Amino acid sequence: MRRVVFNQKGGVGKSSIAANLAAISASKGHKTLLVDMDPQCNASQYLLGEGVDEVGADIMDFFESTLSFQMRANGFDSYISQTPFDNLYLVASNPQLGDLHAKLEAKHKIYKLREALETLEDFDHIYIDTPPAFNFYTLSALVAAQGCLIPFDCDEFSRQALYALLENVQETREDHNKELQVEGIVVNQFQPQARLPRQIVDGLLADELPVMGAYLSSSVKMKESHNESIPLIHYSPKHKLTREFLALYDELHP
Ligand SMILES: Nc1ncnc2c1ncn2[C@@H]1O[C@H](COP(=O)(O)OP(=O)(O)O)[C@@H](O)[C@H]1O
Ligand SMILES: [Mg+2]
């Protein structure tokens, strides 16, 4: 299963959700890959910690190779790094990714990531983390994926933006990738005591939007686990937020 975590807004939990679901998948014995497409490299940093500086080849090298037609001998495997966690692999991002954007767009390279990921037969699950934009990289990710998760931060502006976002996904599906399904909207940083977030989420449900049943609470454990570069399933396996992530994972893999 190839799954993209997408929202044009920053800070809604894309990297946290992509990395933690990938880590749970790997911890259950599935060979799992996380592809980081965001030049901010948050997910790469999260999974590799200081090791992020020692990555050999990354997603930028991959996209450069599509421009020069010089794919490495091992194909897409050449761009995959091991992480410290069993069964969990990463294609790291690169802060300079933005420099290639115009060239890749001009040369219509949006199918290259999909073609490359389709060659990875020995991976059970692939997660793609995206930048907070609707650009070439996000489009490549949406074209490459079968499922799409949309993190949602319970904010009124985010709710309004959600409709345009869903239209973008729908348009991508029609134009480039018939296989793409919105698996669900992931409610993140949910505060059950507060009235407004509840109302906003109820509004989504009233509009019959596909909201995932497992809501993710706000917890300081998330920032701690980022700081330590240890995903929640290893950092704090029994914590409430980890259990919510496990419930989300189970919902995606019934
Ligand atoms: N459930 C949560 N509880 C507490 N903090 C969170 C939670 N989800 C995300 N965060 C924090 O919010 C910030 C943005 O999250 P991130 O996953 O980087 O979002 P995005 O990738 O969409 O920009 C990070 O500092 C992260 O630690
Ligand atoms: Mg991010």
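## Polar contacts with the ligand

A polar contact is a pair of N or O atoms within 3.5 Å. Keep that in mind as you look at this model, which is a predicted one.

K14 has a polar side-chain atom sitting 2.9 Å from an oxygen atom of ligand 1. On its own, ligand 1 would expose 560 Å², and the protein buries 86% of that.

## Where the ligand sits

So where do you look for ligand 1? Head for the largest pocket, which is where ligand 1 sits. Two elements give two or more residues to the shell around ligand 1: helix 1 (14–27) and helix 9 (220–228).

How many residues surround ligand 1? There are 16, and the closest are G11, K14, S15, S16 and S217. Sorted by class, the shell around ligand 1 holds 12 polar residues, two nonpolar ones and two charged ones.

## A look at Q96

Q96 belongs to the loop that runs between strand 4 (88–91) and helix 4 (97–106). Is Q96 buried, partly exposed or exposed? Q96 counts as partly exposed because its relative accessibility is 43%, and that label covers values between 20% and 50%.

Q96 and P39 are 57 residues apart along the chain, yet their C-alpha atoms are separated by 6.6 Å.

Conventions
Residues are numbered from 1 along each chain as its sequence is written. Chains are lettered from A and ligands numbered from 1 in the order in which they are written. This is a predicted model: local features need pLDDT of at least 70, side-chain atom pairs count only at pLDDT 80 or more; totals for chains, interfaces and linings use all residues. Side-chain values use heavy atoms; hydrogens and water are left out. A residue is near a molecule or strand if one of its heavy atoms lies within 4 Å of it. A polar contact is a pair of N or O atoms within 3.5 Å; within protein, one must be able to donate a hydrogen and the other to accept it, and residues adjacent in sequence count only if both atoms are side-chain atoms. Accessible areas come from the Shrake-Rupley method with a 1.4 Å probe; for residues, only the protein chains shown count as cover. On a 1 Å grid over the protein atoms alone, a cavity is a set of points where a 1.4 Å probe fits but cannot get out, and a pocket is an open set with protein on both sides within 12 Å along at least five of seven lines; lining residues have an atom within 4 Å of a point. A molecule sits in a cavity or pocket if more than half of its atoms lie within 2 Å of its grid points. Helices (H or I, at least four residues) and strands (E, at least two) are DSSP runs, numbered from the N terminus. Ala, Val, Leu, Ile, Met, Phe, Trp, Tyr, Cys and Pro count as nonpolar, Asp, Glu, Lys and Arg as charged, and the others, Gly among them, as polar. Buried means under 20% relative accessible area, exposed over 50%, partly exposed in between (1.4 Å probe, protein chains only).
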